[in-house]
Structure formats: structure tokens, C-alpha cells
Amino acid sequence: MKYQPVIGLEIHVQLLTDSKIFCGCSTKFGAEPNSQTCPVCLGLPGALPVFNEKVAEFAIKAGLATNCTISPRSIFARKNYFYPDLPKGYQISQFEEPICLKGWLDIQVDGGLKRIGITRIHMEEDAGKLVHGDISGLEDGSGVDLNRACTPLLEIVSEPDLRSADEAIAYLKKIHQIVTWLGICDGNMEEGSFRCDANVSVMPAGSQTFGTRAEIKNVNSFKFVKQAIEHEIERQIDLIEDGGTVVQETRLFDPNSGKTRSMRGKEEAHDYRYFPDPDLVPLVIDDAWVQRVRSELPELPEQKIMRFTDEYGIPAYDAEVLTASRPLAEYYEECVTLNGNGKAVSNWVMGELTRALNDSGASIDKCPVTPRLLAELLKLIDSGTISGKIAKTVFDEMWRSGKEPGKIVEEQGLIQVSDSGAIEAIIDEILAREAEQVAEYRSGKEKLFGFFVGQVMKASKGKANPALVNELLLKKLNE
Amino acid sequence: MPMEIFDLTIHELHDKLESKEVSSVEATRAMLARIEATDPKIGSFITVTKEQALADAEVADRCIADGKTGMLTGIPLALKDIFLTEGVRTTCGSRILHNFIPPYSATSWEKLKGQGAVLLGKLNQDEFAMGSSNESSCFGPSRNPWNTECIPGGSSGGSAAAVAARQATATLGTDTGGSIRQPASHCGCVGLKPTYGRVSRYGVIAYASSLDQVGPLTRDVTDCAVILGAIAGHDPKDSTSVDAPVPDYKAALTGNIKGLRIGLPKEYFIEGLDPDVQKTMAQAIETYRKLGADFVDISLPHTDFAVATYYLIATAEASSNLARYDGVRFGHRSPQADGLIDMMTKSRSEGFGLEVKRRIMIGTYALSSGYYDAYYVKAQKVRTLIMHDFIRAFEEVDVILTPVAPTPAFKIGEKINDPLQMYLSDIFTIPVNLAGTCAIALPAGFSANGLPIGLQLIGKPFNEETILRAAHAFEQATDWHNRKAEL
């Protein structure tokens with residue numbers, strides 16, 4: 001029998017606000033344990049949460065970018081459970097009335113587009129962290145670090161619309177692209193600022209009824225998400241084939257074995273006893289607020305792709321590559337505005353620049369070759385001052401020194417020779433030296449033309465204008 | 001009999017401080033001596049902050065010498081042990097917080113302190129404010145100064161007893177279902193539960209967040225107005241505190257209530273009401289008639305459901321509010337625990353008393369999956385109906401007059417094993433908390449065996465002025481508030 005996997009993702013996005021969601025403490029990563037805490041995020045008796053409206057703004061951004069409806073009134077709820085890293089014994093989240101509802105995103109599937117539904121986006125606070133082992137003052141004990149407690153999260157919940165691990169990854173990457181693009185999350189999966197749980201079930205192909213699902217918790221890289229889902233699909237199919245039944249449970253992915261294992265079953269599932277948090281008033285978002293956030297939204301990748309192909313005449317493929325991240329797209333656009341040649345800039349950004357970035361591991365916003373420098377370089381090619389080949393040399397030098405391309409060309413004497421007299425002189429010299437090959441060429445071995453071009457370019461140290469070389473060589477050889 | 005310093009009200013002591021007849025240090029010493037002399041009998045204090053009080057009084061005296069004074073400069077006050085006080089142990093009457101020294105103070109105390117008030121100490125209460133008799137305190141009950149075999153009421157029992165025993169010029173309490181008004185009534189003092197949102201809850205240990213409200217317990221209505229004026233107002237640290245202007249409550253005490261429309265809800269004057277309470281109410285109505293008030297018979301039809309509704313909403317919120325007492329970061333941690341879950345379980349089992357455990361269990365049940373709609377959601381719907389009862393009633397009347405409690409103070413131990421009977425002692429106060437509006441309790445008479453009986457005036461939301469004015473007019477026309485418990 002054939003099986004159809006059904007997958008839904010719950011993505012946790014840590015927001016880049018300066019302060020926490022319900023108090024004024026800093027959200028900076030990596031500070032001394034418990035140095036960024038106050039009565040509120042420590043859950044001391046008598047402390048009360050006060051909502052940080054920046055979080056709502058970020059949530060509205062995410063909602064608008066994923067085609068959600070923004071709820072005019074949403075409420076906070078308490079999710080009750082005991083854990084030492086959860087100071088109040090409950091997490092403030094949203095349950096029945098979240099801030100964003102009913103959105104969607106299109107993902108690329110086998111060359112076509114597939115629409116994935118987004119059930120909801122809600123705001124919540126993160127928990128602290130347990131630290132085990134060698135802690136000062138505690139031998140072989142466990143400590144609680146509450147710096148992360150009360151940092152803001154969005155949970156983006158998809159509909160069970162995904163049908164394979166690849167679709168799940170495509171969707172996850174899309175969300176990752178959007179939240180980093182919006183500047184509301186740094187997207188760092190290793191540090192846990194972007195993490196996801198996957199709900200996976202399988203059903204006989206063609207069936208309309210979903211199978212029982214298992215939830216796989218907190219997987220921290222795209223690769224592992226794919227592995228975890230693939231393994232889980234396989235496990236469930238094997239189980240059914242062997243006459244077993246899938247049970248509803250929470251499973252953990254083990255990156256070492258590439259497998260998932262049971263964490264807790266349905267019977268041990270928490271009853272979170274959600275109820276509206278009486279310490280917080282309902283969050284009311286009027287139209288003006290939504291409109292203001294909408295007007296401040298950056299152009300999103302999809303819109304940019306359309307505009308790049310239209311305005312700069314580049315292929316859709318190029319536009320997609322160039323919009324992989326917002327800084328890259330902005331780099332491209334800045335450069336093209338200065339230079340005007342969309343395709344040439346695209347080739348350079350996708351080619352030399354990407355290569356250099358990959359080689360050095362630098363991020364594009366710290367790239368030594370600024371869009372202006374690259375545009376200058378391309379101008380030198382367009383004006384015939386240097387050849388494309390020489391330009392690569394100049395690019396490498398710019399990367400090293402950050403110098404103006406014109407200056408590099410001048411200092412290293414790299415100006416293209418477009419003087420036909422000078423080129424003819426070189427050609428004459430080469431043809432005289434290579435008389436044998438000339439004879440062969442003239443007797444019909446026209447393949448040798450490339451050889452002559454190479455010799456001339458070499459003799460000119462690459463500076464001869466290639467088009468002129470071609471033209472003059474052809475003329476001389478056919479004389 | 002000459003007036004002792006400890007017998008003075010805030011406004012009387014304030015005048016003597018202003019005129020330099022008495023210094024704050026003298027007044028504070030007098031109160032501390034009074035506490036020392038009477039508290040073995042009453043048990044209203046959990047912690048007496050003697051040195052801090054004298055140091056604060058010295059600072060106040062310097063302010064007085066410099067002519068920089070307000071109504072509260074140098075006035076010795078005490079707080080229910082539910083208010084966080086920086087550096088001063090705050091137990092909430094519970095073993096689980098027996099060693100808790102908070103790193104910050106409640107906004108309401110900050111405000112009083114900022115106006116020069118002196119802190120005498122922290123007052124006994126029912127554990128986590130859960131109780132109507134002060135018997136659930138892990139420090140043992142405080143006693144009624146009018147008859148030390150009786151309960152002072154609860155949960156702010158210590159706050160009421162301390163005022164009645166003249167151990168503090170005034171005190172603060174909290175009221176979730178009657179916890180200020182019922183003990184005020186039992187001890188013969190004035191107690192006000194302000195409108196929900198009128199006073200900040202920041203730094204007040206939460207019992208039921210949607211019901212808890214801070215308020216004063218005082219000798220007379222003027223003092224009540226003074227304290228309310230000092231603690232009311234928006235607090236950016238409490239999202240549920242309301243940003244509405246704070247009127248001059250003292251100025252509202254004009255003595256004139258001619259034409260005031262007072263509602264008498266038929267559901268509050270039921271058969272089985274204690275005859276002394278009944279008689280006291282009848283006298284009070286007569287007094288108000290003479291003062292020129294008009295009476296209107298009204299109905300608050302959902303009154304019967306109030307106690308059940310309260311014990312679902314309050315316990316549900318409490319079950320969550322008290323989850324933070326897990327032995328991890330502060331408070332009692334069981335020394336004989338084996339592992340994490342055992343540590344949390346044992347710390348809570350050892351730290352919480354019987355009544356607190358009972359309410360956590362009821363609340364947990366009410367929020368549980370499968371029961372949530374039937375209990376919590378239903379209770380919220382009934383709460384809305386009760387709120388509407390009051391909205392409709394206030395279309396016809398300015399103030400509603402009721403008894404505070406169905407009986408005068410009962411004997412210690414009398415109801416401790418019968419939680420339902422205990423819960424019913426708040427039957428007339430609970431609806432006000434559910435509706436979120438304000439109400440005041442004031443002395444209105446005595447039972448045949450000499451126990452105080454209070455009268456409750458319920459006002460429109462954020463209209464504390466009207467109930468204060470009506471209470472003040474009654475006080476002017478009677479002398480119940482001048483009677484003193486002999487100790």
C-alpha cells in the first residue's frame with residue numbers, strides 16, 4: 001500500500017526586541033546568568049506583567065507578511081505547568097484569541113506553486129534555561145538561568161497542508177526568509193532563536209482521513225527537521241505495515257542516531273489548564289495601527305522578484321537568487337541603480353561577489369566591495385577601460401584593499417589597450433613567430449584562431465581589447 | 001478619660017504633629033508600646049519593625065520641623081503581610097514564605113512611605129488571603145479585640161484587629177471577596193474596598209487577580225478618605241490599574257446627603273439573617289431617612305449564585321497564581337526531597353496549609369480539560385450577569401445599603417471544619433468583588449453580647465466619593481465609631 005504523509009509545523013520565532021515581552025529587562029544573548037532579570041521575569045510574588053507593544057508590532061508585521069487577518073482584539077492566556085525553568089509555574093501565551101489568524105504562503109513544489117495555510121500566529125514568553133554540572137557554588141548541581149525567561153516569541157502554526165519533508169523544509173525556509181527579512185528575528189537556529197515542532201501523520205494514499213499524529217519537538221536545523229520528518233514517516237509506515245497502530249505522543253529527535261524516540265504519551269500529556277490571564281487587559285489593535293505597520297513593511301521577496309524581473313530585465317532565476325536575503329537584494333539594487341545594467345550586475349553579484357563571500361565567510365553587510373565600488377568596476381568594463389577578465393583581477397584587489405577600482409587599474413597599469421596600431425604590432429609579431437601555425441590555419445585549420453587570440457592576449461598581459469583583437473586577427477590571417 | 005496617642009485617628013494625630021504637640025517618634029513609641037502590651041492577647045502582628053519604624057519617625061520629625069508635611073507624615077501604619085516590603089520579611093501568613101524577604105516594595109506602600117508614613121510592622125492574615133476568620137494563618141489566628149474568643153474576621157483579620165486594638169493608627173488590607181469589609185465589620189472599624197483598578201496591585205501577593213483590591217482599614221471615614229487618596233491612581237506596573245483622575249476624597253465628605261437615593265436589595269435582607277444584624281440595619285435605615293436619604297427597593301437577582309461563582313473564579317486564578325511557590329527560587333524548600341519533582345511536591349505539601357490546598361485543588365479542577373466550560377466559563381458568564389445586576393440597580397439608585405456579614409463575629413474554631421458555612425460568611429461582600437465596584441463597611445451598632453456590627457454601602461464604579469460621603473454623614477449622626485474595645 002502507498003501512504004500519504006501529512007505534516008504541520010509549529011514554528012517558534014524569537015523576536016529581536018530590545019526588551020522582554022512583559023518587563024523592561026534586556027534580551028541580549030550571552031550575559032552572566034540571571035543578570036538580566038527583575039521581579040517580573042523572576043516570577044517573584046506580587047510582580048505583574050506589562051505588555052511590550054513592540055512585540056505586537058512585530059507580530060502584526062509577521063501576520064501581514066503571511067497574509068493573516070490581524071485580530072482587532074486578542075487576549076493573553078496562561079498555560080499552566082510546573083518546570084524549574086518556568087518561574088511563575090505558567091507561561092503567558094495566547095490561546096483562544098491570538099493576534100493573527102488565517103494566513104497563507106505559497107511555496108515552490110516541483111516547479112509549481114503550492115499554497116500552505118497558516119492557522120494562527122500568537123505571542124508568548126520564553127522560559128529560562130537549566131544549566132547542569134559545574135556551576136560556581138554548586139558542585140555537580142543544576143542551576144536555573146532566567147535571562148531568557150520572558151523574552152518574546154511568536155508561534156506560527158501551519159495547517160496540516162504539507163505532504164512531504166521537502167515541502168515542510170520549503171515552507172520552513174520561506175518562514176525563515178520572511179522573519180529575517182522583516183528584521184523581527186535573527187533566524188539563528190543553533191542559538192534557538194528559530195525552532196520548530198513538527199506534527200507528522202500518515203494515511204493510505206487517496207484517503208481523506210488523517211492518521212494519528214506524533215509531535216516531534218524542537219529540532220534545531222533545516223537538515224535535522226528533514227531527517228526527523230523523514231524518519232518519522234518511515235517509522236509510522238513500518239509500524240502500520242507490521243500491523244501496529246500509531247499512538248498520539250510527543251517524540252524527541254536524536255541528531256546522533258537520526259531517529260525519533262517517545263518522550264511522553266497521550267496519557268502523560270500535560271493538561272495546560274489554559275485560561276485568560278487576569279493580569280493583562282485585552283490587546284486592542286485598531287485599523288490605524290495595522291495601516292501604520294503595513295506602510296512600514298519592507299518590500300517582500302515575492303514582490304521584489306516581480307519587480308526585479310520587470311524593472312531590471314533579469315531572469316526569474318536570478319531574481320530569486322538575489323532575493324534570498326534582504327541585504328543581498330538591497331546590495332543588488334543599490335548597485336544596479338548606480339550602474340544600470342541589470343544583467344551584468346546580477347552576473348557579478350551571483351558570480352564573483354557570492355564566491356568571495358563564501359570563500360571568506362563574510363556577511364554581505366560587512367563586504368569590503370561596496371555596491372558603489374562594484375558599480376564603478378562595471379563602468380570601467382562598459383567604457384572599455386578594462387576587459388572583463390582584468391576586471392576579475394581588479395575585483396580581487398578591491399576585496400583585499402577596498403581601494404577604488406579606477407585607482408587599482410591606474411596603479412597596476414591595467415588599462416585596456418584599444419589602440420589598433422599597438423594591437424596590430426603585437427599581432428604582426430605573433431604571426432611572424434608562429435609562421436607554421438599561420439600556414440596551417442590558412443590551409444583550413446580554423447580552430448587555431450583561438451590559439452592566436454590567446455597568444456595576443458598573453459603578449460598584451462591581458463590588456464588588449466578582446467573584440468579588437470578578434471577583429472584585427474581575422475583581418476590579418478585572411479590577408 | 002484622657003485621650004492616649006494610640007487612640008488618635010490619622011487626622012487627629014496629624015494636627016498634633018503639625019502643632020508639635022506630639023512628635024512622630026513619640027507617637028511611634030506609643031504605638032510600639034501598645035503593640036507590646038496588647039499583642040500577646042490579640043496576635044495581629046506577624047512582624048514588628050521597631051527599629052525601622054523609629055528611624056522612619058525621626059525622618060518624619062525632621063520633615064515636620066522643616067514644615068514639609070502631608071496628611072501622612074509621621075503617621076504610624078501597619079500592613080497586612082500580603083504587601084511586599086523591601087528588606088522586611090513578607091509571609092502572606094504562609095509557611096511557604098516563612099523566610100521570604102522581598103527585594104522590592106508594593107506600589108501602595110511605596111506611595112504611603114513616599115508621603116512620610118511610618119511602618120510599624122506586618123499584620124496577621126489568613127494564609128494567602130484565603131479565609132474569613134484569620135484562622136488559616138500559619139502563625140495562628142489573631143483575635144477580636146472586642147472578645148478575644150472570637151475571630152476578627154478575615155482575611156485581613158490582623159489589619160482590622162490592629163485598628164480596633166489601637167495598635168496602629170490605620171492599616172492596609174486586601175479584599176478579594178470581603179477580606180477588608182468583613183473583618184472591619186467584625187472589629188468595629190471602617191474598611192473600604194475600592195473599585196477594581198483604582199489601586200495598584202503591584203507588589204501585593206496575588207490570590208485572585210481579577211478580584212483582589214487594596215484598601216484601607218481605619219478608625220473613621222475621614223481617615224479612610226485620606227488613605228484612599230494616597231494610594232489610588234494609575235500604576236504603569238499594573239496593567240489593570242485604571243488611568244482615571246483621583247478626586248479629593250476628603251473634600252467629598254460634605255455631610256450633606258439630602259436626596260441621596262439608597263437601594264435596599266431584597267436578596268440581602270433574607271430570613272435567617274441574625275436578629276442583631278437585622279435590628280442594626282433597621283436602625284441604620286432610620287438614621288439615613290432622618291438625614292434626608294430616599295430609599296428604593298431594588299433587586300439584584302443573581303445574588304444567589306455569587307458565592308458559587310466566586311469559589312470557581314477565585315480558586316481557578318489562585319491555582320495558577322500559587323504555582324510559583326515551588327521551592328526553586330525562594331520560600332520554603334523541603335529538606336528531604338529526592339529529585340526535582342519530589343522537591344516541588346514536598347515543598348508545596350509542607351508549605352501550604354489545608355485551606356490553601358483545598359482552594360488550589362478546586363481551582364485546578366475548574367480549569368481542567370473537560371470541566372473548563374462547565375465550571376470556569378459558566379462562572380464567568382454568571383459573573384457578567386451579576387455585574388449587570390449592579391449596572392441596572394445603579395440606574396435607579398446612587399448607593400446600595402446592605403449588611404456586611406450575616407452574623408457578628410463567631411467563635412474561634414466554630415466554623416473551621418465546615419468550609420461551606422465559612423464561605424457563606426462572605427455572601428454579602430462577594431458580589432461587589434465579582435462586579436468590580438466599590439464598597440465601604442462602617443460601624444453601625446453592636447450585638448446583644450457586645451460585638452460590633454457593620455453596615456455596607458456599595459457604590460458605582462469609580463465613585464468612591466459618594467459612598468464615603470454617605471458613610472461620613474452616618475458617622476456624624478452616630479457614635480458607634482467612638483466606642484473602643486477595652487483591652
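Arg307(A) and Glu311(A) stand 4 residues apart in helix α5 (residues 301-312) of chain A and are therefore separated by about one helical turn, where helices are DSSP runs of H or I with at least four residues, numbered from the N terminus. Their side chains meet in a salt bridge with an N to O distance of 3.3 Å, a salt bridge being a side-chain nitrogen of Lys or Arg within 4 Å of a carboxyl oxygen of Asp or Glu. Arg307(A) is partly exposed at a relative accessible area of 21%; on this scale buried means under 20% relative accessible area, exposed over 50%, and partly exposed in between, with a 1.4 Å probe and protein chains only.

This is a predicted model, in which local features need pLDDT of at least 70 and side-chain atom pairs count only at pLDDT 80 or more, while totals for chains, interfaces and linings use all residues. Residues are numbered from 1 along each chain as its sequence is written, chains are lettered from A in the order in which they are written, and side-chain values use heavy atoms, leaving out hydrogens and water.

| Pair | N to O distance |
|---|---|
| Arg307(A) and Glu311(A) | 3.3 Å |
| Lys476(A) and Asp428(A) | 3.0 Å |
| Asp342(B) and Lys346(B) | 2.9 Å |

Lys476(A) forms its salt bridge with Asp428(A), a pair that links distant parts of the chain, with Lys476(A) in helix α15 (residues 466-477) and Asp428(A) in helix α12 (residues 420-433) of chain A, 48 residues apart. Lys476(A) is buried at 11% relative accessible area, whereas Asp428(A), at 37%, counts as partly exposed.

In chain B, Asp342(B) and Lys346(B) both belong to helix α10 (residues 340-351) and lie 4 residues apart, about one turn of the helix. Both count as partly exposed, Asp342(B) at 23% relative accessibility and Lys346(B) at 28%. A network of salt bridges links Arg78(A), Asp277(A) and Asp279(A) with Arg201(B) and Asp238(B).

Helix α15(A) also packs against helix α13 (residues 435-442) of chain A, at an angle of about 80 degrees and with the axes 11 Å apart. The angle makes α13(A) roughly perpendicular to α15(A), a term that covers 65 to 115 degrees. Val438(A), Tyr441(A) and Arg442(A) of α13(A) make the contact with Leu474(A), Lys476(A) and Leu477(A) of α15(A), contact meaning heavy atoms within 4.5 Å. These residues divide into 4 nonpolar, no polar and 2 charged.

Terms used: Helices (H or I, at least four residues) and strands (E, at least two) are DSSP runs, numbered from the N terminus. Axes are lines fitted to C-alpha atoms, for helices over the stretch in contact, and angles run from 0 to 180 degrees between N-to-C directions. Angles under 35 degrees count as roughly parallel, over 145 as roughly antiparallel, 65 to 115 as roughly perpendicular and the rest as oblique. Ala, Val, Leu, Ile, Met, Phe, Trp, Tyr, Cys and Pro count as nonpolar, Asp, Glu, Lys and Arg as charged, and the others, Gly among them, as polar.
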